[in-house]
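Please look at the model below before reading on.

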Amino acid sequence: MKKILAILTAAAMTFSLFSCGESKGKEAGASASSTTAAKKIVGVAMPTQSSERWINDGANMKKQLEAKGYSVELQYAEDDVQMQVSQIENLIAKNVNCLVVAAIDSTALVNVLAQAKQNGIPVIAYDRLLMDTDAVSYYATFDNKGVGTAIAKYIEEKKQLKTAKDEGRSYTIEFFMGSPDDNNALFLYNGVIEVLGPYLENGVLKCKTGRTTFDKTCILRWSQETAQQWAENYLSGFYGDEKLDIACSAFDGFAYGIKAALEGAGYTADNWPLITGQDAELMATKNIIAGTQTMSIYKDTRLLASKCVTMVEAVLEGAKPEINDTTQYNNGKLVVPSYLCTPVAVDQDNYQSIIIDGGYYTKAQLGL
C-alpha cells in the first residue's frame, strides 16, 4: 500500500512539474511572440512638416505602428530631395525591417530604393507612387484620379454646367494643379479635365489665361506662394474689370494663396469666386465655414495610415495585405498592387457631419 501511495505521489509531482513547465513555456512563448514585433523597426520617410496633413500622416502612422509593438523611425525631409535620400540611406543602415515612403521626388529615390531591395527591406509607397523602381511592394493612397473627379463634379453641380449652354450661361475659370514631380498630381488633373474638358470645349467654361494643360497649370512642390503669385498676375493681367468665377485648386495651400490674391484685388463676399481645395486642413475648414473657400477634399489620414499599417504588418508576417486595385498604378517598372481610400467633398453643407461628428476636428479647434 505504501508503494502504491509513493508511486501516486511521484506521479502527481511529475504532472505538477510538467504542468508548471508547460505553463512557463507558454508564458515564455507569449513573451517571445510579443517582443518579436517590438524588435522590428519600421522606417517612415515623410516629405515635409510645412503641411498639416503630413504631420497628421506621420503621427497617425507612428501611433498605430507602436500600438502593434513595432519601433518606428519617423523622418521628415522638409521638401529637400537630397535630405530624403540621406534619411532613407540612414534607415537602411539601421537595418529597418520595412520602409514606408511618401516621396518628395520619387525619381530621385530610384538608387536608394535599389539599396533597400538589395538589403531585403520591403518598401511601401505612401500616398505618392514611387516611380521607375521595382523595389516597391505595395501602395497605399487615396483614389487620386477620384480626387480630381470629385473636385470637378462639385464645380459641375454647383455651377449647373450641364444646363449652362442651353441657358446662355458661362463662367471664367483658372486652374492651379499639383507638383509635376508628384505622380498624384497628374492623376488628379486627369480626373479634373475628364469632367471639365467638354465645358472648356463648348465655351461654358472660359479660361482667360489659356492655361489648361497640366504642364501650364502644375505648381512645383505644391507652393502656396507660387499659387498666390499666379493668382495675383492673372487678376491684374487678364481679368481687369471681369470677374473670376472659379478657381479650380488642387490643394488647400493653393486656396490660401488665391484667397490672399483675391482680397488684394478687392474681391468681397458679393463677387467671391468658387474656390476648391484638397486635404480639409484646419485652416481650410475654418475658411469653408467663413465662406472664403468653397470646398475641400476630405482625406481621413487616420484611415490611410491604418491601411498602410495593415500592409506593413502583413509584409513583416509574410502575408498578403488587402488591396483593391491591381491595374491603375503603373510606375514604369511594374503595376504596383494598391489600396485606394475614397475621397469625400466637404463644404458648408456637410462639414458638421463629416469633420466634426467624424471626430477629425472639434468645435473648439474650429472656433465654434
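The model is a predicted one.

**Nonpolar cores**
- The largest nonpolar core contains 49 residues, and Phe176, Leu196, Cys248 and Phe254 have the most contacts inside it.
- At least two residues of this core come from each of α5 (144-158), β6 (171-176), α6 (183-201), α8 (224-239), β8 (246-249), α9 (252-264) and β9 (274-275).
- α6 gives the largest share of this core, 7 residues.
- Leaving aside residues up to four places away in sequence, Leu196 touches Ala152, Ile155, Leu161, Ile173, Phe175, Leu205 and Cys248.
- Another core, of 27 residues, lies apart from the largest one and includes Val44, Val100, Tyr138 and Phe142.

**Helix α9**
- Because 10 of the 13 residues of α9 are buried, this helix is largely enclosed by the rest of the structure.
- Among the buried residues of α9 are Phe254, Tyr256, Ile258 and Leu262.
- The buried residues of α9 pack against β6, α8, β8, β9, α10 (282-290) and β10 (296-298).
- At 1.5 Å a residue, α9 should span 18 Å, which agrees with the 19 Å between its end C-alpha atoms.
- Gly266, which follows α9, has a positive phi, near 90°.

**Cavity**
- The structure has 1 cavity of 30 Å³ or more.
- The space in the largest cavity is about 30 Å³.
- Residues lining the largest cavity include Ala103, Asp105, Arg128 and Asn183.
- By class, this lining has 3 nonpolar, 2 polar and 4 charged residues.

Terms used:
Residues numbered from 1 in each chain as written. Predicted model: local features only at pLDDT ≥ 70, side-chain atom pairs only at ≥ 80, totals over all residues. Heavy atoms only, no water. 1 Å grid on protein atoms, 1.4 Å probe; cavity = no way out; pocket = protein on both sides within 12 Å on 5 of 7 lines; lining within 4 Å. Points joined across faces, edges and corners; volume = space filled by probe spheres on them. Nonpolar A, V, L, I, M, F, W, Y, C, P; charged D, E, K, R; others polar. Core = buried A, V, L, I, M, F, W, Y, C linked by side-chain atoms within 4.5 Å. Buried < 20%, exposed > 50% of the residue type's maximum accessible area, 1.4 Å probe, protein only. Helix = DSSP H or I, 4+ residues; strand = E, 2+ residues; numbered from the N terminus. Contact = heavy atoms within 4.5 Å. Expected span 1.5 Å × (residues − 1).
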